[in-house]
Every structure is written in structure tokens, then in C-alpha cells.
Amino acid sequence: MNILHLTDLHYSQKNKNKKDKAPKALKLFLKQRIKKADIIFFTGDLVFSGENISDFNEAYSNYLVDIADRLNISTKNIIICPGNHDIHRNQEMEVITESLFGINPNDKIDNFLKNENQKSASLTNLNNYFNFI
């Protein structure tokens with residue numbers, strides 16, 4: 001099995017023209033060097049900021065789907081996990097942030113997450129990512 005591992009595209013519609021050199025270079029590199037892959041793992045930071053779901057959709061269709069097409073890989077074989085830039089920052093409640101940073105050891109984290117309201121509130125920053133996937 002051949003795996004193509006990509007990361008840190010940091011796509012942003014706002015900065016598309018400034019940051020478009022790296023994706024173009026990546027496409028050229030793939031065209032010249034990568035002849036076969038069975039699966040694509042994209043391991044974080046697909047977008048520069050998780051604030052706009054449209055950035056996720058554009059990065060996916062303009063880059064990941066294009067790369068998959070070039071390599072004849074089904075889009076079902078694109079695996080994506082979030083990175084720190086894929087999070088929509090500063091929208092969580094301060095009490096949630098303080099609670100999460102104050103939890104130690106792991107059993108206390110488990111107890112914190114058993115409360116569905118606390119769990120849901122702590123994942124608010126990932127709503128755009130979750131809606132994207």
C-alpha cells in the first residue's frame with residue numbers, strides 16, 4: 001500500500017493569492033515524482049483558521065480532490081484529521097477553557113466529558129470542522 005501523507009496547507013480564501021505558491025508547487029511535485037498512491041492522509045491544518053466552513057470546502061475541492069484525481073484515488077480514501085489551525089478560536093466560554101486547562105489527571109478529564117453539556121461546549125471550536133467532514 002502506498003500512502004501519501006500531507007499536512008499544513010493553511011488554506012485561506014483571504015490569502016489565497018499570497019499562499020497559492022505552495023499548493024502549486026505541491027501539485028507540480030506530485031505530478032513529477034508521485035506515480036501511485038492508494039490513500040491520502042491529511043494530518044492537520046487544512047485551513048489557516050477554522051472560522052469559515054467555506055475555506056474547508058474550497059481547500060478540499062481545489063487541492064485534495066484535485067490531487068486525488070491526479071493520482072486516481074477515490075475521495076473515500078482521503079483521511080483528514082484536524083490540526084490547531086482548523087479550530088475556530090475564541091468562541092468558547094471562558095469557564096470551559098479554564099476548566100479544561102485545570103484538569104489533571106486523565107480520570108478527571110473522563111469525568112468532565114461525561115457531562116454532555118460540558119463536552120458539547122468544549123467542542124464548539126470544532127463545529128466548522130465537524131460540519132465539513
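Predicted model: local features only at pLDDT ≥ 70, side-chain atom pairs only at ≥ 80, totals over all residues.

Residues are numbered from 1 along each chain as its sequence is written, and side-chain values use heavy atoms, with hydrogens and water left out.

Let me begin with charge. Side chains of opposite charge can pair when their charged atoms come close. The whole structure holds 2 salt bridges, a salt bridge being a side-chain nitrogen of Lys or Arg within 4 Å of a carboxyl oxygen of Asp or Glu. One joins K36 to D38, at 2.7 Å from N to O. The other joins D66 to R70, at 3.0 Å from N to O. D66 and R70 both belong to helix α3, residues 53-70, and stand 4 residues apart, about one turn of the helix. Helices here are DSSP runs (H or I, at least four residues), numbered from the N terminus.

How exposed are these residues? Buried means under 20% relative accessible area, exposed over 50%, and partly exposed in between, with a 1.4 Å probe and protein chains only. D38 is partly exposed at 26%, D66 is partly exposed at 21%, and R70 is partly exposed at 47%.

I133 lies in the segment after α7 (127-132), and counts as exposed because its relative accessibility is 60%.

Methods. Helix = DSSP H or I, 4+ residues; strand = E, 2+ residues; numbered from the N terminus.
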